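Me: I would like to go through this structure by question and answer. Please keep to what can be computed from the atoms.

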Amino acid sequence: MELLLLLIYSVIVWLVFFKFKWLPWTFVSQVIVITLPIIGIVALLLLANVYAPSSSDARVMNYVVQVVPRVSGRVVEVPVQPNSAVKKGDVLFRIDPESARLEVDGLKARVREADAKVAGARAIEQQLSLEKKTAQGRRASVAARLNLARRRVQQHKVLTANGSGNKFDLQQVEAEVRNLEGELAAANAAVGQVDQKLGSRTEDGTLVDLAQAEAGREQARATLADAEWRLKETVTYAPADGTVVNLQLRAGSYAAALPISPVMSFVEDEQYVVAFFNQNELHQVQPGDEAEVTLLTFPNRVIKCHVESVVWATGQGQIPISGVLPETGAEALPAGRYAVTLKIEKEQGDKVLPAGARGHAAIYTQSFHPVHILRKVILRVGTKLDWLVLKLH
């Protein structure tokens, strides 16, 4: 762009001073002609660096998932191939589910047994309630008969004292009273025994035996749910659309549920571009600003983006937590650059960019739009030069 502007300026100078000789070619005019383009180009570049900053370090970033099985076991199937594209939900690999399936079947039987215990405990509670009502009814009947027998004893005592009755009838009624008193004591004991069984309850009023049976059932159900989850996790699915790389897994190998030993890497298709700028280049940049990116991988292609965020932090802004005092060397470290996250526009198509591709980026702020043209021309000329492979071997 600067060269084009110099050529245009040279043509104008030739026309004015040599072709048509509208102005004399003196020492003063020579100084002005030479100085003016230098000042103009320097000022234009300085303004472009502020209102249309550029970076020579732009990188394509993808989210990478280290795939680790959730359960351990022998691998029976790996239907994906290395460096192959897969869709979200596709099967990545399967672990032998037989052991987990047997465990699930056993726990289902345990849950059925726990359900039966709960049903039995509820039946016992209903039976105890019925026994209590029966014992209370029997006690009430015996108490009524006892009261009647006691009144008859009093009557026979009066008759015997008056000579109207005989002692045998009195003794017979007194014996009946003693028998009824024994029956009443037995009935009271039966009611007390049932009350004692029904009185063994938890804080929420549930019978202890029933609460224990329900707790056992819930524990069995929880264990079954965990086993069913582990059975389900014997099949690992793709977490998103992406590509399988660094595939180390084969059918017959053993996969361990250890975070330190992933069996493959999964590169998601979702990606963004990170460009690094000097610290004094970003004071005019705001989220949403237009941006463009060119990559060495795709010469003569300009990728439209927009600023998603500016990461206002670097590693130099953090002091490690340790017992060692910070080092203050004689020579200061160079100022770290700030990263700007650029989101690729959807209009660019569904083509996935290579993860790790590098190139140049430019941001067009909301001010001083004329310098945007200069930056766009420079960016496009640079990406055309990417066709050149400068190697001698």
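Reply: A polar contact is a pair of N or O atoms within 3.5 Å; within protein, one must be able to donate a hydrogen and the other to accept it, and residues adjacent in sequence count only if both atoms are side-chain atoms. The model is predicted, so local features need pLDDT of at least 70 and side-chain atom pairs pLDDT 80 or more, while totals for chains, interfaces and linings use all residues. Residues are numbered from 1 along each chain as its sequence is written, and side-chain values use heavy atoms, with hydrogens and water left out.

Me: Which backbone oxygen does the side chain of Ser253 reach?
Reply: Ser253 is found in the loop between β6 (242–245) and β7 (254–255); strands are DSSP runs of E of at least two residues, and helices are runs of H or I of at least four, numbered from the N terminus. At 2.6 Å from the side chain of Ser253 is the backbone oxygen of Arg250.

Me: Is Ser253 buried or exposed, or partly exposed?
Reply: Buried means under 20% relative accessible area, exposed over 50%, and partly exposed in between (1.4 Å probe, protein chains only). Ser253 has 25% relative accessibility, so this residue counts as partly exposed.

Me: What is Ser253 in contact with, leaving aside its neighbours within four places in sequence?
Reply: Contact means heavy atoms within 4.5 Å. The C-alpha atoms of Ser253 and Gly73 are separated by 8.6 Å, although the two residues are 180 apart along the chain. With those neighbours left aside, the contacts of Ser253 are Gly73, Arg74 and Val75.

Me: How many aromatic pairs does the structure hold?
Reply: Rings of Phe, Tyr and Trp (its six-membered ring) pair if their centres lie within 6.5 Å; planes under 30 degrees apart count as stacked, over 60 as edge-to-face and the rest as tilted. By that rule the number of aromatic pairs is three.

Me: Why is the pair of Tyr51 and Phe368 called stacked?
Reply: Tyr51 lies in helix α2 (residues 27–51) and Phe368 in the loop between β12 (358–364) and α6 (370–385), so the pair ties together parts 317 residues apart in sequence. The ring centres of Tyr51 and Phe368 are 5.4 Å apart, and the pair is stacked because the angle between the planes is 20°.

Me: What distance separates the end C-alpha atoms of α2?
Reply: The expected span of a helix is 1.5 Å times one less than its number of residues. For the 25 residues of α2 this should give 36 Å, and the distance between the end C-alpha atoms agrees: 36 Å.
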